[in-house]
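Please look at the model shown here before reading on.

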Amino acid sequence: MATTNKPIVVTVTGAAGQIGYSLLFRIANGDVFGPKQPVILKMLEITPAMPALEGTAMELEDCAFPLLHDMILTDDAKVGFDGANWAFLVGAFPRKAGMERADLIGKNGPIFVGQGKAINEVAADDFRGLVVGNPANTNALILASNAPDVPKDRFAAMTRLDYNRARNQLAKKVGVNVSEVKRVIIWGNHSSTMVPDIYHARIGRKKAINAVGKRWYKKEFIPTVARRGGAIIKARGASSAASAANAAINAVHDWALGTPKGDWVALAVYSDGSHYGIPEGVMYSVPVVHPGDGTWQIVEGLDINDEIAEKMRITGEELLRERAVVEDLLHG
Ligand code: NAD
Ligand code: LMR
């Protein structure tokens, strides 16, 4: 399909990894920015992974995607983020069985210092970036803190996979199509303290909590969603990849083009301390609506019961503890 739209620059870090392998092809196919938006892919890797990245690039060429106008392969962050309008920050090491995502902070946190500085220096004025690499919330905070000239609301961490997991578990329990499930919330950290909240969710015309019952919600649903990443690592011997790439595609698609009417999505965004008692200065997952112009708005005015408020406090404290661990990385 020939199009006259100007290409946008999309950076993918960790492009030779397993999420990268699912993500790049769908971006090039138009699944994120739409069928009329050409893209230039900038793929950033570490030096030892450059040969593997060359292989992925050859496969991208062999797909003959009309929307893929150019590809730049690099191990230099300044080249990788030069002129970037959007970035998927995937490049980071995954956890192994028996680890919590926060155990990766020491290894992965420093990656986001250099990348934040590069974004600050060379990204496009309208830059926006989604952090996927774990621990995603705190890595996003490190990234944003090292790019002081870029507004903090341009950075987010991915909790869309948790939201997708939650919606699917609800649909499966009730025996309906997942499209019937709306207004699910994921509060807080992309970790086992996350708070999948269904007190505002609907399944078809019913309140989700009435459709599934409180016992199932507390005993089955919350642990299943919060521990799904670990269950996948145990089963596959590797962390989720295609579903993670799919969630990243969903998240950036909606951020760029808008959320469906009457629904909201999950995104971990910088907290200014003015919503729902969430601590200031952490990247905390909240329900957001995207108008379709590259911005997000937190859904306001929801009633939070005591049970959810307590869980929200616990996940917020975990984020504050993670922030304290990386304090040295936040100031450049
Ligand atoms: P992977 O090991 O297959 O790939 C990671 C890639 O990142 C590797 O190719 C590696 O060379 C590259 N990399 C490492 N340091 C880099 C740097 N400084 N710059 C650029 N690239 C770098 O891992 P994966 O399965 O693709 O997962 C990537 C990350 O995403 C992991 O941290 C994983 O835990 C996380 N993840 C997050 C979610 C989520 O929901 N937020 C879901 C799944 C996975
Ligand atoms: C997931 O949720 O699948 C990812 O964050 C990978 C992990 O370590 O759980």
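Predicted model: local features only at pLDDT ≥ 70, side-chain atom pairs only at ≥ 80, totals over all residues.

Residues are numbered from 1 along each chain as its sequence is written, chains are lettered from A and ligands numbered from 1 in the order in which they are written, and side-chain values use heavy atoms, with hydrogens and water left out.

Helices (H or I, at least four residues) and strands (E, at least two) are DSSP runs numbered from the N terminus. The axes of H7 (residues 160-174) and H11 (residues 242-257) come within 8 Å and cross at roughly 105°, and the two helices are therefore roughly perpendicular to each other (65 to 115 degrees; axes are lines fitted to C-alpha atoms over the stretch in contact, and angles run from 0 to 180 degrees between N-to-C directions). In their contact (heavy atoms within 4.5 Å), Arg160, Leu161 and Asn164 of H7 meet residues of H11, including Ser243 and Asp254.

Three strands form an open sheet in the order E7-E10-E11, with antiparallel pairing; strands pair if DSSP finds at least two bridges between them. E7 and E11 stand at the edges with a single partner strand each, so one side of each is left without a neighbour in the sheet. Lys182 stands opposite Arg202 in E10.

| Strand | Residues |
|---|---|
| E7 | 181-182 |
| E10 | 202-203 |
| E11 | 206-207 |

Technical notes
Parallel < 35°, antiparallel > 145°, perpendicular 65-115°, else oblique.
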